Amino acid sequence: MSSPGVDLFTPFKAGKFDLSHRVVLPPLTRCRAIGELPNAAHVEYYSQRTTQGGILITEGTLISNTAAGYPNTPGIYTNEQAEAWKKVVDAVHAKGGIMFCQLWHVGRASNKDYQPGGAAPISSTNRILSDKFRPQLPGDSYGGFSKPRALEIAELHQVVEQYRQAAANAIRAGFDGVEIHAAYGYLIDQFLKEFINDRTDMYGGSTENRCRFLLEILRAVADEIELDRVGLRIQPATEFNDAIDPDPLNLGLAIIERVNKLQVEFGSSLTYLHLPRPWFTAHVANNENKLEEAARMQRAWRDAYRGVFITGGGFTRETGNKAIAEGAADLVSFGRPFISNPDLVHRLKINAPLNPYFRKTFYTSDPVVGYTDYPFLDDASEKTARP
């Protein structure tokens, strides 16, 4: 439903949270958590990007010691990690922000160098990722993925428990809620996607079976922290990490149908469903046919979901306002612009120019360069982040 006059800066109520605007900081892996612990740089980074009544979602945060696939990513599975995150959350709350912790397990998108004892990464399958993708290894080198090991059914129950415990730890750290990462070819998506999931048990084969693992995680987390403190990120149509499904439209509709039923069961809704635009990459952005197909798919998912809908993927001030006004989304996430513009919300509001981002500093371990040194609009020195 279109809403003329409504834009990114129209206040909105997302579940129990009163928002002053509709610009969201999405999960953005930045590789600055030495020893899997958030540190003072994280406090500054997230605080810089906080606005009164704005939602921030953390970078992907590990639910267990088998979850990593990138260097220096933070965890939320130990008390020490939760205590470290508390300092970040406190700084965000002090400025009136709302903060969700994204719960993440990469599954087979890993290398044995990240695994306890050099074990095989876990997944829905024993099949290795293609060499089209190359993981960043500890020490900032690039290598190959390791052959994964398909989880046994009893082990799946243990992973569900890890998600539940990670959610409990996040709430104890002060987070307002958690986002379940079920997209982009990571562990949960490895169960959802038909071209990855080759199981013959109750977690493979039919769409019902392939959705089972996600629904068990959602139910366990909701039982622990309440459903209205849970967000969900999915992307049925993507090529990242070989996460391909032959019928992404109907896979998305099937997931949404089950989430809608879960909301009826719990008598409350997710805080939001976070569904970035399908296939949004540079080459797709210039493909009109693909863009039209993506728009139709996205609209079908948006219309099917009964709750707050976040979209993202290459949005500008103009297209973000258009998406809100046309009812294509309730909230819009901005990724790379938020990396290079700590005051992005202010810049979008007054239509100010944006700082360019420097891609080669996205995933370094430096606590300042390309992380906390991008200038604010009113920075008199007009310094720029170093490439």
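Biologist: Leaving aside neighbours within four places in sequence, which residues is L232 in contact with?

Modeller: It's a predicted model, where local features need pLDDT of at least 70 and side-chain atom pairs count only at pLDDT 80 or more, while totals for chains, interfaces and linings use all residues. Numbering runs from 1 along each chain as its sequence is written, and side-chain values use heavy atoms, with hydrogens and water left out. Taking contact as heavy atoms within 4.5 Å, L232 touches E179, I180, A182, L214, L218, V259, L270, Y272, L273 and H274.

Biologist: How many residues has the largest nonpolar core?

Modeller: A nonpolar core means buried Ala, Val, Leu, Ile, Met, Phe, Trp, Tyr and Cys residues joined through side-chain atoms within 4.5 Å, with buried being under 20% relative accessible area (1.4 Å probe, protein chains only). L232 is among the residues with the most contacts inside the largest one, along with L103, I180, F213 and L214. The size of that core is 97 residues.

Biologist: In β12, what is the bridge partner of L273?

Modeller: Strands here are DSSP E runs of at least two residues, numbered from the N terminus, and two of them pair if DSSP finds at least two bridges between them. β11 (residues 272-274) and β12 pair in the parallel sense over 2 bridges. On β12, F309 and T311 are buried on one side, and I310 and G312 on the other. The partner of L273 is F309.

Biologist: And which residue in β13 does I310 stand opposite?

Modeller: β12 and β13 (residues 331-333) run parallel, joined by 3 bridges. Opposite I310 is L331.

Key:
Buried < 20%, exposed > 50% of the residue type's maximum accessible area, 1.4 Å probe, protein only. Helix = DSSP H or I, 4+ residues; strand = E, 2+ residues; numbered from the N terminus.
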